[in-house]
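Welcome! Take a moment to look over the fold, and then let us walk through its sheet, its helices and its cores together.

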Amino acid sequence: MQKFTLTINNNKVEVSAEPDTPLLWVLRDFAGLKGTKYGCGVGLCGACTVHIDGNPIRSCSYPVVAVGNQKITTIEATDNEVTQALKHAWIEHNVPQCGYCQPGQIMSATALLESNHSPSEKEIEDYMSGNICRCGTYPRIKAAIQNVSTDLFKEA
């Protein structure tokens, strides 16, 4: 076991874990943050998406030793303007079905809109293609992202 001091949602958290422990398990089991979900376990479905210094990563396949001094943001701490607008758009477009993939979807959509305020349909599809929704709500997800892009970032 090795000790790590992580910055999770702007809080310093000390954990003892094996260096190769996936960040997802550190978040869920040591930090008690259950919003990030386990999906495929190999970084392919996106259910476990969190931000490291604002960039989306798959926490199920990201070893805790790789975090270093970077800041981790989970769905529990996404209270910025973009994420709040996305959450409202998700409801407006009736996106959630079973809801399991939603934290990962919201984290990826937030990263997309923070890096590209006006993505094209193709850019949304490409960026979000790593987040799998078994309920198949992709058209609703795309519409919600487009809605936020138009409403939040329209030119004055």
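## A hairpin to start

S1 and S2 form a hairpin with 2 residues between them, and Asn 9 in the turn has a positive phi of about 55 degrees. Helices (H or I, at least four residues) and strands (E, at least two) are DSSP runs, numbered from the N terminus. Strand S1 covers residues 2–8 and strand S2 residues 11–17; they pair in the antiparallel sense over 7 bridges. Two strands count as paired if DSSP finds at least two bridges between them. Within this pairing, Thr 5 has Glu 14 in S2 as its bridge partner.

This is a predicted model, where local features need pLDDT of at least 70 and side-chain atom pairs count only at pLDDT 80 or more, while totals for chains, interfaces and linings use all residues. Residues are numbered from 1 along each chain as its sequence is written, and side-chain values use heavy atoms, with hydrogens and water left out.

## The whole sheet

S1 and strand S5 (residues 71–73) run parallel and are joined by 2 bridges. Here Thr 7 stands opposite Lys 71 in S5.

Why is H3 largely enclosed by the rest of the structure? Of its 14 residues, 12 are buried (under 20% relative accessible area, with exposed over 50% and partly exposed in between, using a 1.4 Å probe and protein chains only). Their cover includes S3, S4, S5, helix H2 (81–92), helix H4 (121–128) and helix H5 (138–153).

## Two cores

A nonpolar core is a set of buried Ala, Val, Leu, Ile, Met, Phe, Trp, Tyr and Cys residues joined through side-chain atoms within 4.5 Å. The largest one has 19 residues, and those touching the most other members are Leu 86, Trp 90, Ala 109, Leu 113, Met 128, Ile 141 and Ile 145. H3 gives the largest share of this core, 5 residues. Apart from it lies another core, of 16 residues, including Leu 6, Val 26, Ile 52 and Ile 72.

Notes: Contact = heavy atoms within 4.5 Å.
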